[in-house]
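This report describes the architecture of the structure shown below.

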Amino acid sequence: MEPLKILVIDDEQVICSGCRMILSELGHTIDTCNTCKEGLDAIRKLDYHLVLLDIKLPDSDGMEILKIVRVEKSEIHIIVMTGYATIRSVVSAMRLGAFDYLPKPFTDEELIASVEKAMKNVAGSGKVQ
Amino acid sequence: MHASTHVDEILEVVVWKTTELLDAKGAIFRILNLKTEQLELYAAHGLGKKYLEKGPVSSYRIITELCRQNEIITIDDIMGDPRVQYPQEAWEEGVRMILDIPLSLGNHVVGILRVYFSEHREISKDKKDFMVAVAQQCSCAIDKARLIEKQQSLYDKLVLHTAKMSAIGRMAAGIAHEINNPLAGILLYSSNMIKKVPEDGPLKEGLDIIVHETIRCRGIIQELLDFSREREPKKTLANINDIIGKALNILENEFRIDHISVETDLSEEMVSSFLDENQMEQVFVNLLINAVEAMDEGGRIRIKTRLGSEGKCMKIEFEDTGCGLPKEALDRIFEPFFTTKAKGTGLGLAVSYGIVQNHMGDIRAYSEPGKGASFIVEIPLIQQPPSEETKGFENGAP
């Protein structure tokens with residue numbers, strides 16, 4: 001399967017770096033940013049296949065990114081990450097078009113499994129360029 | 001007298017009105033709890049500070065003797081009567097005659113209404129009868145006020161407890177978020193590094209421990225979140241008796257190993273109700289584990305179910321013959337991280353409390369050291385399916 005262009009948006013730099021290390025070893029291209037604003041700028045400027053998104057960000061609610069992506073770039077797959085998973089928040093994220101949900105803390109295998117699931121879906125929809 | 005709901009106010013009124021009606025110099029009112037031998041209540045009117053500050057003007061012996069005789073006693077000889085504790089001070093205060101009126105409350109508490117006069121006088125039988133009537137009315141009013149005060153204090157305690165648990169719940173949710181983030185970093189790196197170190201060696205062993213312990217923390221935090229009521233119950237029709245059966249099956253081995261006998265009295269009235277079967281099973285397993293751990297070999301657990309509140313709720317009672325709990329522990333038993341066990345996390349009952357609250361129910365604990373413990377869970381009986389909106393969330397998908 002083709003490698004993906006992935007953006008990680010999390011205010012915790014450690015998580016950004018961890019995801020970068022693990023996913024880049026699998027051949028994916030990883031960018032990271034720590035705020036909602038930076039994330040949206042990057043999404044608008046570059047074509048990502050996948051966004052790993054923390055829904056609790058310092059400058060704004062990550063749900064805002066979900067809403068905007070759904071309208072502006074609906075082809076992007078979003079995996080939501082949060083340290084505070086409730087059924088309600090999962091349902092809200094899914095309703096806003098999130099592809100998958102990763103409750104923190106997660107292992108590298110859980111991360112890889114979720115990304116691979118997204119990869120198959122991206123490949124299936126023929127959007128890897 | 002009966003209009004007031006505060007004992008102090010009643011006593012103030014009694015001493016004031018008695019003084020006024022008998023045209024006396026003043027009066028004091030005192031109640032002793034004979035069980036504890038402690039002064040419980042006190043009120044005075046018309047007497048000087050100097051005299052009152054001298055000390056208790058009616059001793060334990062005087063009051064019990066008065067109540068034993070159960071009649072009004074007149075003291076004419078202030079300086080010579082042994083019933084007067086401080087004759088000199090009383091004389092200087094201008095007291096020349098005293099009337100002691102006994103007052104009984106329940107079985108243990110007795111009191112005295114002592115009326116002081118500035119001169120000797122004949123007190124008519126009518127007036128004495130009147131004073132006895134006042135004393136009787138006073139007992140009733142105090143009883144009523146005490147009952148109201150007790151109810152109020154129970155209510156205040158309940159409100160405080162609910163507020164405390166809700167604050168702890170919010171705090172738990174906040175902590176969970178803050179801790180899950182750093183844990184995510186630890187777990188992500190350690191679970192990845194473990195694959196990059198030699199299969200046999202200290203690095204692998206150390207990383208294994210880090211991964212294992214981090215996953216353990218994740219479990220504890222998930223339990224905290226369960227307690228903080230953020231996990232909505234997934235309600236389906238289920239019979240509480242069947243859920244108890246499942247919980248008992250899970251712990252069958254424990255009972256056998258520890259020679260614990262389990263007696264069940266499960267009412268056939270228990271019809272199916274909308275509830276989260278898994279969550280309720282978790283509550284019952286938690287209660288049973290606690291019971292097992294509180295007992296030595298050969299203990300006994302009794303489980304009883306019945307309908308309450310005219311069939312509107314289900315009552316489930318767990319009773320054990322374990323070591324029991326002191327009152328201090330009982331007050332805090334549902335708080336997260338509170339534990340009486342050497343190796344407990346203190347989350348089992350906190351999570352159970354959260355689950356029962358989520359079912360709009362109630363869980364209460366009763367115990368005394370050495371006398372076992374009983375836990376009563378009350379869950380409303382709901383035979384209609386939950387609303388559509390709730391169902392959407394419960395299915396976990398849009």
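Predicted model: local features only at pLDDT ≥ 70, side-chain atom pairs only at ≥ 80, totals over all residues.

Which residue of β4(A) stands opposite A:Asp54? The residue opposite A:Asp54 is A:Met81 in β4(A).

## Overall layout of chain A

Chain A contains five helices and five strands. Along the sequence these elements follow the pattern β-α-β-α-β-α-β-α-β-α.

Of the 129 residues of chain A, 43% count as buried. Among the contacts in chain A with a separation of 6 or more, 61% come from residues 24 or more positions apart.

## The sheet of chain A

The five strands of the chain A sheet are arranged in the order β2-β1-β3-β4-β5, forming an open sheet with parallel pairing. Strands β2 (29–33) and β5 (100–103) of chain A stand at the edges with a single partner strand each, so one side of each has no neighbour in the sheet. From one strand to the next, the twist averages 20°.

Within this sheet, strand β1 (residues 5–9) of chain A pairs with β3(A) in the parallel sense over four bridges. In this pairing A:Leu7 stands opposite A:Val51 in β3(A). Strand β3(A) also pairs with strand β4 (residues 77–82) of chain A, again in the parallel sense, over five bridges. A:Leu50 faces A:His77 of β4(A) across this pairing, while A:Asp54 is placed opposite A:Met81.

Strand β3 (residues 50–54) of chain A is mostly covered, with five of its five residues buried. A:Leu50, A:Leu52 and A:Asp54 point one way from β3(A), whereas A:Val51 and A:Leu53 point the other way, and all are buried.

Is β4(A) largely enclosed or open? Six of the six residues of β4(A) are buried, so this strand is largely enclosed by the rest of the structure. Both of its faces are covered: A:His77, A:Ile79 and A:Met81 are buried on one side, and A:Ile78, A:Val80 and A:Thr82 are buried on the other.

## Helix packing in chain A

Two packed helices are described by the angle between their axes and the distance between the axes. Helix α1 (residues 13–25) of chain A packs with helix α5 (residues 108–124) of chain A at an angle of about 60°, and their axes are 11 Å apart. That angle makes α1(A) oblique to α5(A), and the crossing of the two helices is right-handed. Residues A:Cys19, A:Ile22 and A:Leu23 of α1(A) make the contact with A:Asp108, A:Leu111, A:Ile112 and A:Val115 of α5(A). The residues of this contact divide into six nonpolar, no polar and one charged. Helix α5(A) also lies across β3, β4 and β5 of chain A, running at about 170° to β5(A).

Helix α2 (residues 36–45) of chain A and helix α3 (residues 62–72) of chain A have axes that come within 10 Å and cross at roughly 20°. This crossing angle makes α2(A) roughly parallel to α3(A). Helix α2(A) passes α3(A) in a right-handed crossing. By class, the residues of the contact of α2(A) with α3(A) comprise six nonpolar, two polar and one charged.

## A mixed sheet in chain B

Chain B has an open sheet of five strands in the order β7-β9-β10-β12-β11, and its pairing is mixed. Its edge strands are β7 (261–266) and β11 (362–367) of chain B, each of which pairs on one side only. The twist in this sheet averages 15° from one strand to the next. Strand β10 (residues 313–320) of chain B pairs with strand β12 (residues 373–380) of chain B in the antiparallel sense over eight bridges, and B:Met314 stands opposite B:Ile379 in β12(B).

Helix α9 (residues 277–294) of chain B packs on this sheet, touching β9 (300–308), β10 and β12 of chain B. The direction of α9 makes about 20° with that of β10(B). Helix α11 (residues 348–358) of chain B lies across β11 and β12 of chain B and runs at about 140° to β11(B).

Note on methods
Residues numbered from 1 in each chain as written. Chains lettered and ligands numbered in written order. Axes fitted to C-alpha atoms, helices over the stretch in contact; angles between N-to-C directions. Parallel < 35°, antiparallel > 145°, perpendicular 65-115°, else oblique. Left-handed = near helix turned anticlockwise from the far one by under 90°. Nonpolar A, V, L, I, M, F, W, Y, C, P; charged D, E, K, R; others polar. Buried ≥ 20, exposed ≤ 12 C-beta atoms within 10 Å, placed from the backbone. Contact = placed C-beta atoms within 7 Å. Pairing = 2+ DSSP bridges.
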